[in-house]
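User: I would like to go through the terms used for this structure and see what each one rests on. Please set each value against its definition.

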Amino acid sequence: MQDDMTKPIATFENLRVEFQTKTGTVVGVEDVSFEIKPRETVCVVGESGSGKSVSSLSMMRLVEFGGGKLTNGTLKFTRKSGETLDITKSDQSLMRTIRGNEIGMIFQEPMTALNPLFTVAQQLTEGLRTHKGLGKEAATNRALELLYLVRIPEPERRLNQYPHELSGGMRQRVVIAMALACEPRLLIADEPTTALDVTIQAEILALIDRLKRETGTAVMFITHDMSVVAQMADRVVVMHKGKKVEEGTVEEIFENPKHDYTKSLLAAVPKLGEMKGKLLPEPMRLMGDENTKFKPLTGSNEPLLLVKNLTTRFAVKSGFLRRTVANVHAVEDVSFRLMKGKTLSLVGESGCGKSTVGRSLLRLVEPLSGHVSIDGQDIVSMSPPQLREARLNMQMVFQDPFASLNPQMVLKDQVADPMRNYNTHSGDALDRRVEMLFDRVELPRSFLRRYPHELSGGQRQRVAIARALALNPKLIIADEAVSALDVSVQAQVLNLMLELQSELGLSFLFISHDMAVVERVSHDVGVMYLGRIVEFGPRSKIFENPQHAYTKALLKAVPIADPRQRKSEKELNFKPLASPMHSLDYEAEPSVYEEISEGHFILTTDSGY
Amino acid sequence: MADAEQQITQDIIAARHPFLEAWQMFRQNHAAMTALVVLSLIVLGAIFGPMLYPIDPFEMVWAPFSPPGVDGFILGTDYLGRDLLAAIIHGARVSILIGLSAAFVSVFIGVSIGAVAGFYRGWVEEVLMRITEFFQVLPTLLFSMVIVALFGSSLMMITFSIGVVSWTAVARITRSEYLRIRELEYVMASRASGSTDAKLIFKVILPNALPPIIVQAALMVGSAILFEAGLSFLGLTDPNVVSWGQVIGSNRQYILDASYTVTIPGIAIFVTVLCISLVGDGLNDALNPKLRQR
């Protein structure tokens with residue numbers, strides 16, 4: 001057994017994977033070598049397209065089902081019996097006895113990784129019955145054991161439930177239980193928490209870490225998130241454009257990175273707590289522009305946007321006559337104000353109503369009641385033509401760079417569109433302004449005649465920002481504007497936004513779930529939970545002296561990009577998100593706040609948390 | 001460094017409209033390309049044929065039931081001694097014209113109703129979709145027969161009657177596309193930057209909803225030709241214009257004695273509709289973003 005502990009479970013040697021496409025051969029992974037030892041978590045980290053998923057799929061020999069071909073190298077895997085197998089040379093029927101049995105896999109999307117037509121018990125026992133030859137009863141008992149192991153609440157009841165009856169976090173626990181069912185020697189987790197909220201992410205990460213220690217499986221953990229790496233890894237493999245650029249223990253990588261790419265990646269990651277003691281937002285210090293001077297973002301104390309008692313509800317309709325049977329209280333009695341030239345962030349988990357606030361301000365979603373005024377004009381009571389005029393002052397940048405541009409229109413027209421709608425510029429002046437905007441967001445002018453599908457995610461988001469700037473608005477609502485981008489691109493876009501703020505005096509309403517990013521860019525922060533703002537105040541006070549229980553929980557859940565600040569499963573015990581849906585006769589109580597220090601408010605009435 | 005290189009190669013690729021890429025995809029589909037060539041020949045024949053072969057299809061030119069190839073008539077003569085080749089050439093005009101215009105009518109009705117229903121939702125959608133369902137449950141052939149019987153059998157009426165009974169599928173497809181696209185962020189962004197409803201419906205959403213509608217429209221041309229053939233087989237068309245269905249209909253008693261008088265126009269319909277289907281299929285593959293690279 002002693003010998004077993006040092007012999008690696010999986011070894012990648014000079015792996016090369018190619019993909020045949022219409023335009024020729026594309027190399028997905030080239031000359032990648034590393035090994036995974038027992039009881040070890042190896043994090044493979046890289047940005048999209050770096051080949052990290054391709055490596056893991058090669059280990060499972062699933063890459064062939066996606067059109068890939070293993071053209072060089074060996075993949076050694078040590079089986080339970082102790083014999084070493086070259087995965088690249090074994091046939092698919094042998095692989096079927098290894099997959100799900102000796103190598104378990106956890107996929108990214110818990111919503112689609114489970115088959116909606118089968119119960120949890122059926123899906124959990126399937127692997128046990130095929131690989132272990134267990135009978136129905138034995139397999140069910142083992143399934144229950146597994147559910148206890150992953151600490152799902154009320155495991156007996158879960159067995160006979162269907163996936164749609166479980167929350168996202170519970171589903172991911174079931175997926176993990178499935179992967180562990182046959183006591184695999186190697187567990188491959190491909191971005192297992194990317195689709196989850198931070199509190200659930202923290203719980204799932206701690207769970208995987210505990211399971212590794214208890215069961216002794218080796219874990220290959222694939223992620224794009226350096227903070228998650230810091231929390232999870234024993235060793236780290238950094239990948240870039242299909243190649244391994246650096247490998248080392250997690251401390252080496254974070255404290256003494258050798259390769260330039262690793263350095264730039266780490267520089268681009270916002271670290272929670274980094275802004276301690278600073279009053280104003282600051283751009284990220286990226287590789288290559290350490291010396292650029294930056295005008296401090298002082299903003300002003302003149303209010304631009306005032307929101308009072310904003311409430312937005314969605315009706316749930318049902319039955320033949322489409323009667324309203326219940327209401328979703330998406331936004332409930334929310335008030336805040338935003339000063340000129342400053343950034344206010346609304347932060348919270350999915351379903352807390354932060355995006356609905358943004359859309360209600362522009363009346364893209366009709367609010368039920370409340371007042372919204374920008375520069376003294378009340379938005380809520382405006383007639384449609386007045387509202388159209390008012391939107392000149394407020395523009396929006398959306399989350400998904402792949403959905404926020406019209407695929408059938410050249411970029412020039414997309415940026416010119418708002419100006420054509422309002423007839424602010426025409427002819428030569430219009431062309432010149434579009435060119436100026438392209439220069440402003442640092443896109444080459446040759447992109448003017450391009451279509452969106454020819455651009456990368458970051459470039460698209462720049463176009464979306466150029467479009468939002470076209471009308472010279474006073475306020476830009478950025479709804480998760482950087483969430484879908486790779487870290488290095490995210491940092492560039494954030495810096496661009498801060499730069500535009502300092503030059504043009506813009507105000508931002510920044511809507512995000514990412515606490516670290518929010519800490520970077522905001523002057524003021526509102527923390528939202530179940531449609532209400534539970535805590536509101538200057539950024540430094542919220543982050544350094546959180547008072548509301550939910551804010552504290554949220555801050556505790558955020559993974560920190562520092563391997564010396566790890567969290568254990570015991571500290572992480574979060575309440576599940578309550579439902580914002582209420583029956584028609586439900587009377588929502590008004591939000592009452594206490595000002596605990598200057599400008600720092602906490603909700604004293606029931607928040608639901 | 002690498003980024004700069006990528007930049008340069010990207011600059012070299014000229015900007016291409018997504019539909020242009022679809023055409024390149026279409027060109028690689030051999031069945032669809034062959035069908036497109038055959039179809040173009042048929043359409044050219046329909047346009048210029050009557051000039052090159054100026055024999056009146058209603059005139060008795062020879063003895064009845066002269067088989068194809070005999071006595072100098074390539075496709076023979078029918079029971080009244082009329083030239084069958086002339087009937088096929090002249091009939092092509094009417095069949096294709098009715099096919100195209102009936103498809104146009106049904107796409108026009110279907111897109112208008114589907115777009116408004118999908119864009120505005122709420123009670124507008126409820127009312128329009130109930131109307132659509134009403135038309136869906138009517139027996140189509142019977143309904144168009146009633147229209148033709150009531151309002152006469154001019155070409156206009158026949159086109160209209162076919163269009164009016166076959167727009168429901170287009171309306172449903174259009175509505176579902178609008179329901180999907182109206183929720184996308186670029187529509188929201190366009191609304192936020194001051195676009196009017198009309199602009200959103202026609203200029204923002206419509207071009208993005210077009211691919212499945214184009215495919216459906218192409219297939220609709222084929223089914224409209226078949227529909228017209230059915231109506232004229234029953235003798236419900238304008239007796240003064242010749243169409244393929246009408247040739248089959250008027251010769252149907254002689255199917256056992258002179259089967260070619262029925263099979264030849266039948267083959268003409270078959271080949272045309274098959275080609276249209278293949279082209280429609282090719283369009284579907286080319287316009288479907290899931291099958292396309294990127």
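Analyst: Helices (H or I, at least four residues) and strands (E, at least two) are DSSP runs, numbered from the N terminus. By that count chain A has 20 helices and 23 strands. The model is predicted, so local features need pLDDT of at least 70 and side-chain atom pairs count only at pLDDT 80 or more, while totals for chains, interfaces and linings use all residues. Residues are numbered from 1 along each chain as its sequence is written, and chains are lettered from A and ligands numbered from 1 in the order in which they are written.

User: Why is chain A called as compact as a globular protein of its length?

Analyst: The radius of gyration is taken over C-alpha atoms, and the globule rule is 2.2 Å times the number of residues to the power 0.38. For 609 residues the rule gives 25 Å and chain A has 26 Å, which is close, so the chain is as compact as a globular protein of that length. Its C-alpha trace spans about 75 × 60 × 55 Å along the principal axes.

User: What makes a residue of chain A count as buried, and what percentage of the 609 do?

Analyst: A residue is buried if 20 or more other C-beta atoms lie within 10 Å of its own, exposed if 12 or fewer, and partly exposed in between, with C-beta atoms placed from the backbone. In chain A 48% of the 609 residues count as buried; in chain B the figure is 44% of 294 residues.

User: Which elements make up chain B?

Analyst: Chain B has 12 helices and zero strands, so under the DSSP definition every element in its order from the N terminus is α. Its C-alpha trace spans about 80 × 50 × 30 Å along the principal axes.

User: How do you know that chain A touches chain B, and which element gives the largest share on the side of chain A?

Analyst: Two residues are in contact if their C-beta atoms, placed from the backbone, lie within 7 Å. On this criterion 29 residues of chain A are in contact with 22 residues of chain B. Strand S16 (394-397) and H14 of chain A are the elements giving two or more residues to that side of chain A, and H14(A) has the largest share, with four. Ala, Val, Leu, Ile, Met, Phe, Trp, Tyr, Cys and Pro count as nonpolar, Asp, Glu, Lys and Arg as charged, and the others, Gly among them, as polar. The side of chain A therefore divides into 12 nonpolar, eight polar and nine charged residues.

User: What describes the packing of H14(A) against H15(A)?

Analyst: Two packed helices are described by the angle between their axes and the distance between the axes. Axes are lines fitted to C-alpha atoms, for helices over the stretch in contact, and angles run from 0 to 180 degrees between N-to-C directions. The axes of H14 (residues 411-422) and H15 (residues 427-440) of chain A come within 10 Å and cross at roughly 115 degrees. Lys412(A), Val415(A), Ala416(A) and Met419(A) of H14(A) meet Leu430(A), Arg433(A), Val434(A) and Leu437(A) of H15(A). These residues comprise six nonpolar, no polar and two charged.

User: What makes S3(A) and S9(A) a pair?

Analyst: Two strands pair if DSSP finds at least two bridges between them. S3 (residues 41-45) and S9 (residues 235-240) of chain A have four bridges, in the parallel sense, and therefore pair. Val44(A) has Val237(A) in S9(A) as its bridge partner.
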